[in-house]
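Reader: I want to learn how to read aromatic contacts in a model. Please walk me through a case.

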Amino acid sequence: MLLLADWVLPISGPPIPDGALAVSGRIIEAVGPAAQLRIRFPHKSEHAFPGCALLPGFVNVHTHLDYSAFQGFTRSCSFSEWMARLLLARRRLDENDYAVSALWGAYECLRSGVTSIADTSYTGWTVGRAARVAGLRARVYVEVFGLDDAHLPESMERLQDALAKTRHEWRAGCVDTTETAGLGPEIEVGVSPHAPYTVSSRLYREAARFARRGSLSLATHVAESQAEVELLERGSGAISQVYKAAQLWSGRRWTPPGVSPMQYVNRAGALSPTTLVVHAVHLDGEDLTILAESGAAVAHCPRSNLRLRCGTAPVSALRAAGVRVGLGTDSLASNDSLDMFAEMRAALAASQERAAMGALTPEVALRMATLDGARALGWDSVTGSLEAGKRADVIAVRVPSRGDLSGGSAAAAWSVREPTGALVGDCVAADIQMTMVEGLVVYRGEGVPVEVERSFGRTRTKLGLGD
């Protein structure tokens, strides 16, 4: 088929006015001006998206789809207060509730133009199932927790069981007869020692070794809040108080290491080119050097960081040091939406706060949401840009009107560089007209399936949130 639009934004090259993509099965066969591709592929069926731009699907490098039902469960507050509220709220749901929550979140991803996710999940299978049914490309990092090394064998056993169940969920689902199940990309699994404030150094080391032996990627939350820094360096602060109040940690079985979170994770051997460091807000010069030299990537989640009053990650400094940085929305427990346009604008605004390090541009923000996100996950040979040979992960976005377009197309009204600024500056998730993953159209503007919506509403009611 030929996909035609007013603009094609390959990301790896300049925008193409009146452009087109030739798609063959799951693969992009060619990208270029529509007139040229029509001559080259005269027998392909045409699908036009007037008033739209074609982009690679967004790569959301950090989600928690299990927590989609928690949207709006608490006001904007400090990280430690949010964590305490989440710990209590989580107890109201069972695994089936989390499966419903993840499935609703997966459909929200498609409606937001997200075609690839890197998700962190305690159960794993819930997100694996959701990604399969919705047709998303996904890497599911299964979480492991534990500060008490007396329970380390049980923690690792639970991790292995969860990974096996997640893999089984995918394989079993591939024979499903529903419309989209089994037709999308295969999911990957990974390992996620949760964070320095929930994982002992020994458990970090064991989880990292396990990941290396199994050739699995690793993700971990690091340096998200000042409270985390205080806990690691001095054993004090708000996180310690939350643990004691919730009776989750007596404080007698763990001694603060007296180092920064980044140093803590590095000493445990958990940083490598296959590690995704989530947040990386509170870094000093030594931390930044450690991170850059390790080859690890970073998931930047500016809206979540803002909502939880965590601060602003030094993204420009990270990029200048050669660190791969992608954009993530984090969970709907700490964000208003999975809208990557809103996340790009938040990244631009956050970079202004650290203007001495150099503010981001719309072009860089869009790249972080696509190709740089794919690079952060090691998927850039497959997705993240519109190039011949890559998978056909494509979205059609309605381009905001600027000026009088009555005399010609949107392409004629703008200079070659203007579409990016307009898209990043003005678009919202509702402007997504079509989402395609590996050549399969998985979203055409419709809503979440009715039964999923109803189940999701029942789960929200358990949380006291209603519709």
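Reader: Is Phe79 buried or exposed?

Author: Buried means under 20% relative accessible area, exposed over 50%, partly exposed in between (1.4 Å probe, protein chains only). Phe79 has 3% relative accessibility, so Phe79 counts as buried. This is a predicted model: local features need pLDDT of at least 70, side-chain atom pairs count only at pLDDT 80 or more, and totals for chains, interfaces and linings use all residues. Residues are numbered from 1 along each chain as its sequence is written, and side-chain values use heavy atoms, with hydrogens and water left out.

Reader: Which residue forms an aromatic pair with Phe79?

Author: Rings of Phe, Tyr and Trp (its six-membered ring) pair if their centres lie within 6.5 Å; planes under 30 degrees apart count as stacked, over 60 as edge-to-face and the rest as tilted. Phe79 pairs with Tyr197, edge-to-face, at 5.9 Å centre to centre and 80° between the planes. Tyr197 is buried, at 3% relative accessible area.

Reader: How many aromatic pairs does the structure hold?

Author: There are 10. Take Phe58 and Phe341: their ring centres are 5.2 Å apart and their planes at 90°, so this pair is edge-to-face. Phe58 is buried, at a relative accessible area of 0%. Phe341 is buried, also with 0%.

Reader: Which residues do ring pairs link into a cluster?

Author: Tyr67, Phe70, Phe73 and Tyr98.

Reader: Which charged end sits over the ring of Tyr122?

Author: The test is NZ of Lys or CZ of Arg within 6 Å of the ring centre and within 35 degrees of the ring normal. Here the charged end belongs to Arg158, 3.9 Å from the centre of the Tyr122 ring.
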